[in-house]
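Here are my notes on the model you sent over. I have kept them to what can be checked against the coordinates.

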Amino acid sequence: NAVDAYQKALEITPDFPALHNNLGNSYKELGQLDNALKSYQNALMHNPDYPDSLNNLGVVFSMLGELEDSVSCYTKAISVKPDFAEASNNLGNSFKKLNLFDDAVKSYKKAIEINPKFEDAYNNLGLTLTIQSHLEEAVKCFMKAIEINPKFDIAYNNLAHTYRQLKQHDNALKSYEKAISLIPNYFQAYHNRGRAFYEQNKLND
């Protein structure tokens, strides 16, 4: 398997940061976060400015709930590689979890500035703007994410939820239906669609 292959390669070239980083990725995919953490830290021991490992270490810290540490990792990754859109998006995610919504918005916008086709950053920006009650702006973000990826089911669900908050129930129902057409067993979209029907009927009473 991948873990064994990387470990054997590291026996030959133990000071190669990319191998430690890839081993960490394999551990992360297996859910072995402690081993992933050690592998990324080993990569950084050999190259403290390796942006991929800084970003990946930040992801693991975030998964472990160590949000301040994740922010530090993403921030350093961006300082080393200013055009690192993924790290800017991830930094936004950690800021959002810390309820630092203005900082999250700035990070998502930076990711989009670097990569205008970054669908996840548009979706995440939309979610944060929704939290801030900037609903019309959020709608534009979700629609942009869907324009980039017309099969982005989560963005359709988020768009529908924002339409519900705007009392645009017809648009909400259409968006939930689209999400369900893409993922037929999308429980959350079915649940939210039911709530939208209820709210619409209540308004029509």
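This is a predicted model: local features need pLDDT of at least 70, side-chain atom pairs count only at pLDDT 80 or more; totals for chains, interfaces and linings use all residues.

**Notes on the fold, core and helix packing**

1. On overall dimensions, the C-alpha trace spans about 70 × 35 × 30 Å along its principal axes. The chain has 205 residues, and buried residues make up 46% of them. Of the contacts between residues at least 6 apart in sequence, 43% join residues at least 24 apart.

2. The largest nonpolar core contains 57 residues. Within this core, the residues with the most contacts are Leu57, Val60, Leu91, Leu125, Leu129 and Leu159. As general background, nonpolar side chains in soluble globular proteins tend to be buried together.

3. Which residues does Leu57 contact, leaving aside its neighbours within four places in sequence? They are Leu37, Tyr40, Gln41, Leu44 and Cys73. Leu57 is also on the list of core residues with the most contacts.

4. Cysteines deserve a separate remark. Cys73, a contact of Leu57, has 9% relative accessibility and therefore counts as buried, the cut-off being under 20%. Cys141 is likewise at 9% relative accessibility, so Cys141 counts as buried too. The structure holds zero disulfides.

5. Helix α5 (residues 67–80) packs against helix α6 (residues 85–97) at an angle of about 155°, and their axes are 9 Å apart. The two helices are therefore roughly antiparallel, since the angle is over 145 degrees. The crossing of α5 and α6 is left-handed. On the α5 side, the contact is made by Leu67, Ser70, Val71, Tyr74, Thr75, Ala77 and Ile78. On the α6 side, Ala87, Ser88, Asn90, Leu91, Ser94, Phe95 and Lys97 take part. Leu91 of α6 is one of the core residues named in point 3.

6. How do the axes of α8 and α10 cross, and at roughly what angle? Helix α8 (residues 119–131) and helix α10 (residues 153–165) have axes that come within 10 Å and cross at roughly 20°. This makes α8 roughly parallel to α10, because the angle is under 35 degrees. Their crossing is left-handed. From α8, the contact involves Asn123, Leu127 and Thr130. From α10, it involves Ile154, Ala155, Asn158, Thr162 and Gln165.

Notes. Residues are numbered from 1 along each chain as its sequence is written. Side-chain values use heavy atoms; hydrogens and water are left out. A disulfide is a pair of cysteine sulfur atoms within 2.5 Å. Buried means under 20% relative accessible area, exposed over 50%, partly exposed in between (1.4 Å probe, protein chains only). A nonpolar core is a set of buried Ala, Val, Leu, Ile, Met, Phe, Trp, Tyr and Cys residues joined through side-chain atoms within 4.5 Å. Contact means heavy atoms within 4.5 Å. Axes are lines fitted to C-alpha atoms, for helices over the stretch in contact, and angles run from 0 to 180 degrees between N-to-C directions. Helices (H or I, at least four residues) and strands (E, at least two) are DSSP runs, numbered from the N terminus. Angles under 35 degrees count as roughly parallel, over 145 as roughly antiparallel, 65 to 115 as roughly perpendicular and the rest as oblique. A crossing is left-handed if the near helix is turned anticlockwise from the far one by less than a right angle, and right-handed if clockwise.
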